[in-house]
Amino acid sequence: MAHVEITAELVRDLLRDQHPDLADRPVRLGARGWDNQLWRLGADLAVRLPWATGSADALLRKEYAWLPTLAPRLPLPVPVPQRFGEPSERFPRPWLVTTWVPGAPADRVPVTRATDAAETLATFLTALHRPAPGSAPAGRGRGGPLADHAEQFAAGLADATERGLIDAPDAVRAVWHDAVTAPRWTGPARWLHADLHPANVLTADGTFCGVIDFGDLCAGDPAYDLAAGWLLLPDDDSTDHFRAAYQPTPDTATLRRARGWAAARALGGILIGDAGVHGRPGGKPTWGPPAHAALRRLVATLC
């Protein structure tokens with residue numbers, strides 16, 4: 001796929017071609033994510049353009065198709081698609097204009113009002129986790145059986161251990177084993193965000209204020225999203241409050257699976273954080289501290 005440098009001038013040109021009523025708004029870079037670049041468009045909009053992965057096109061189309069129908073029932077602001085940009089000779093990939101969600105990513109500005117944040121997260125996931133229609137998108141392995149990810153988990157744990165990033169690998173394996181041996185989800189497939197790591201949840205005034213990047217939106221086992229209780233909240237008390245506030249109350253098997261997903265996501269965050277510390281491609285140093293904290297707490301749950 002040909003690489004096109006994304007600049008403010010390119011964004012303005014694309015808007016002039018397809019959405020000229022928006023072309024005179026100020027344009028400035030907001031962020032560069034895994035799949036997309038985000039450019040601020042005035043005070044209340046943003047333009048999302050794929051840049052780093054070939055899968056980004058499909059993820060944007062998915063958001064455009066589904067998120068406008070889900071967003072009205074969600075109790076936190078989310079980036080709602082407003083306009084669609086067709087591929088063109090100038091930029092041969094689709095792009096979106098969405099609402100802008102203010103706030104700071106939780107990997108950079110963690111919550112400080114833990115109980116409020118736990119309640120907010122539980123309320124958001126309770127609202128999102130409705131049964132999904134049969135036409136809902138599949139999850140690229142997210143929200144499915146944990147056992148399907150056993151090789152990936154083992155490889156990640158071995159890599160992190162060899163790098164000196166994991167103090168007690170046997171304890172981490174115990175968390176995973178407990179999760180993999182839990183009964184599978186047998187209820188209806190539910191809507192999932194499926195990417196609730198700290199960089200995709202925004203904070204303000206010490207609590208959560210928005211959720212972004214719904215490119216992995218899919219249907220599946222709610223345990224995948226419930227892993228966020230360990231990944232996003234600062235202590236055991238707030239994680240307990242989160243589980244108590246979420247409805248319907250998760251059964252023991254669901255919580256066991258959620259711990260396994262949280263361990264896998266924390267391992268990934270630790271490796272990405274380490275790559276960032278050492279300047280390796282794809283690294284994000286701010287991902288390390290919350291991932292280490294989550295894994296320490298997960299190991300403690302089985303002690």
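The paragraphs below take the strands, then a helix pair, then the cysteines.

This is a predicted model, in which local features need pLDDT of at least 70 and side-chain atom pairs count only at pLDDT 80 or more, while totals for chains, interfaces and linings use all residues. Residues are numbered from 1 along each chain as its sequence is written, and side-chain values use heavy atoms, with hydrogens and water left out.

Strands and helices are DSSP runs numbered from the N terminus (E, at least two residues, for strands; H or I, at least four, for helices). Strand S1 (residues 27-32) pairs with S2 in the antiparallel sense over five bridges, where pairing requires at least two DSSP bridges. Three residues make the hairpin link from S1 to S2, and Arg32 lies opposite Gln37 in S2. On to strand S3 (residues 45-50): S2 pairs with S3, again antiparallel, over six bridges, with Arg40 opposite Ala46 in S3. This hairpin also has three residues between its strands, and Gly42 in the turn has a positive phi of about 70°. Five of the six residues of S2 (residues 36-41) are buried, so S2 is largely enclosed by the rest of the structure; buried means under 20% relative accessible area with a 1.4 Å probe, protein chains only.

Helix H3 (residues 114-128) and helix H8 (residues 236-245) have axes that come within 8 Å and cross at roughly 30°. Axes are lines fitted to C-alpha atoms over the stretch in contact, and angles run from 0 to 180 degrees between N-to-C directions. Contacts (heavy atoms within 4.5 Å) join H3 residues including Ala118, Leu121 and Leu125 to H8 residues including His241 and Phe242.

Cys209 is buried at 18% relative accessible area, and Cys218 is buried at 0%. The whole structure has zero disulfides, a disulfide being a pair of cysteine sulfur atoms within 2.5 Å.

Conventions
Buried < 20%, exposed > 50% of the residue type's maximum accessible area, 1.4 Å probe, protein only.
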